[in-house]
Amino acid sequence: MAKRSVWGNYVTRSLVACSHAKPNCVRATLTCFVLICGTTFSTDVVFGQRLWAGAAKVDITNREAGPVNDALHARALVIRSEDTTAVLVAVDAVAIGEIGPINNEYLRNVRERVERELQISPSNIMVNASHCHGIVCKDVDERTFQAIKQASERMVPVKVGVGHGHEDRVQENRRLILRSGREADVRHAYSLPPDEEVAEVGPIDPEIGILRLDRMDGETVAVVYNFACHPIQGVPSRGNTADMTGFSSQVIEDNLSAGTVALFVQGCGGDINPISYKAVDHPRDAETLGNLLGLSTLKAVRSIKCEPDGRLTVVSEMLELPRADVAQRIVELEAEQQRLLQSLRGTSLNLKTFIPLVVKYRVSESFPSYYSHRYLHDKALGRDDYDQLDAENRRNMESYIQNIYTMELLSRNQTNLALLRKHQLQNLAAEKRGIDVELVGLRVGDFVLTTFPGELTVRIGLNIKAASPHKHTFVAGYTNGYIYYAPTTDQLRNVGGAQEDSDCILASGWQEIYEAKVAKLLSEL
């Protein structure tokens with residue numbers, strides 16, 4: 001038995017190496033070992049009824065860009081069946097090209113090298129950005145390749161499990177539906193509308209979609225978890241950080257088998273912020289939120305039962321979506337800008353005199369300028385000097401407040417107008433009126449994932465999940481490129497009012513085209 005165990009280990013190591021080339025080589029090699037040493041060894045352990053998988057992570061932190069709070073990583077998962085190999089990479093970065101420190105050549109560089117050295121088809125390689133705003137190193141493409149290579153070298157037979165977690169304490173929808181029918185959003189780039197103007201908020205998606213891959217002995221190789229939220233909370237130190245999803249991945253890895261890799265795959269988080277994003281009464285701390293997300297994911301992971309399952313499918317397709325023409329909307333916003341400027345009125349107050357007045361008139365509405373007995377004394381003598389002073393102060397405060405509100409509207413107008421102008425120029429300079437996007441569908445056992453290269457808003461993800469024929473369907477934005485925000489048709493009626501509808505190159509109607517294509521893609525998995 002000891003001799004067979006040694007041979008079995010040697011067979012396994014040989015099969016891993018050989019499987020990088022051709023699956024048929026594995027069966028031939030295995031047959032030779034069986035004939036030579038009489039070892040009983042089922043080919044289904046390698047392929048057919050079982051999958052092989054390996055995972056790794058590599059530090060991609062830019063340590064020359066200032067203080068570092070916590071490390072950023074590229075995490076890679078390689079999964080292989082008899083005839084298919086899939087690669088999923090989760091990168092702690094804002095985007096895969098277009099914005100941020102990862103350039104537009106990154107994805108092509110990684111794919112070409114993986115194809116050249118590991119013989120994996122580029123269309124089977126999915127790279128997802130967490131959308132944290134951390135700063136990655138300059139050689140991030142090289143380090144991403146190393147993560148994929150290490151993962152491919154660590155492949156072992158695995159069992160597959162899929163499940164769902166729930167987390168609703170760490171996120172909020174940042175779209176505010178106003179009583180006017182317009183919409184605004186919660187950003188640090190400009191002020192919020194007055195509370196009395198806000199009628200309702202949009203939904204969140206509290207679901208955590210989970211793929212668990214275990215070795216035959218029950219040790220966990222990798223956990224893939226999909227969740228929708230901008231990981232942009234920041235840390236008290238203001239240092240470089242992978243933000244809440246970096247912390248959640250660390251929590252998961254620290255509490256499962258040694259060597260487990262937890263890959264966060266960003267969902268439809270385009271309009272989802274961390275909770276209390278604009279709080280000013282306590283430090284912004286992503287670690288607290290990340291711990292909550294990590295623990296909720298762990299709770300679900302531990303309830304997942306993994307079974308042998310050889311199903312692995314990857315479908316990759318290109319889709320042309322229409323580009324927007326917002327020239328008329330730019331003209332309207334410019335006119336609105338002029339109207340707001342002309343509505344500003346002179347006022348006697350400045351900030352120095354306004355703040356003390358506000359305090360006094362909030363503390364004592366009836367007798368703000370002096371004690372009550374002076375008001376009563378003047379009234380008994382038939383004088384109303386203080387009443388007249390208070391009336392004048394109130395008029396001046398109201399004018400000053402109105403100017404503040406107007407300036408807040410101007411800042412929102414100006415910020416979003418700049419985005420519209422930028423994208424209008426991009427669209428006009430484009431070679432064609434459409435933009436090609438890559439969509440990928442991945443199936444691992446009962447786990448189904450579809451990807452998109454933009455910032456999908458949450459309702460789109462909810463729509464796709466509800467319409468899918470698969471029970472365990474999840475949606476990943478921010479994957480294999482970056483085309484800015486991808487809001488719903490309803491949200492695009494608000495162009496210029498919020499970032500999601502202004503920082504967008506897509507025309508109204510794109511959503512229906514995309515969702516129809518995704519439905520077809522999902523039917524093929």
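Predicted model: local features only at pLDDT ≥ 70, side-chain atom pairs only at ≥ 80, totals over all residues.

Tutor: Residues are numbered from 1 along each chain as its sequence is written, and side-chain values use heavy atoms, with hydrogens and water left out.

Student: How many disulfides does a search of the whole structure find?

Tutor: A disulfide is a pair of cysteine sulfur atoms within 2.5 Å. The search finds zero. For C132, the nearest cysteine sulfur is that of C229, 12 Å away. That separation is too far for a bond.

Student: Are C132 and C229 buried or exposed?

Tutor: Buried means under 20% relative accessible area, exposed over 50%, and partly exposed in between, with a 1.4 Å probe and protein chains only. C132 counts as buried because its relative accessibility is 0%; C229 is buried too, at 2%.

Student: How does one check the span of helix α3?

Tutor: Helices (H or I, at least four residues) and strands (E, at least two) are DSSP runs, numbered from the N terminus. The expected span of a helix is 1.5 Å times one less than its number of residues. Helix α3 (residues 106-118) has 13 residues and reaches 17 Å between its first and last C-alpha, close to the 18 Å expected.

Student: Which residues of α3 are buried, and what covers them?

Tutor: They are Y106, L107, V110, R111, V114 and L118. Around the axis they cover an arc of only 120°, which puts them on the same side of α3; the arc is that of the directions from the helix axis to the C-beta atoms. Their cover, by contact (heavy atoms within 4.5 Å), includes β3, β4, α4 and β15.

Student: In what order do the four strands of the open sheet lie?

Tutor: Two strands pair if DSSP finds at least two bridges between them. The order is β14-β15-β16-β18, with mixed pairing. The edge strands, β14 (312-322) and β18 (473-476), each pair on one side only. β15 and β16 (residues 447-451) are antiparallel over five bridges.

Student: Where does α13 pack, and at what angle to β14?

Tutor: Axes are lines fitted to C-alpha atoms, for helices over the stretch in contact, and angles run from 0 to 180 degrees between N-to-C directions. α13 packs on the sheet, touching β14, β15, β16 and β18, and its direction makes about 160° with that of β14.
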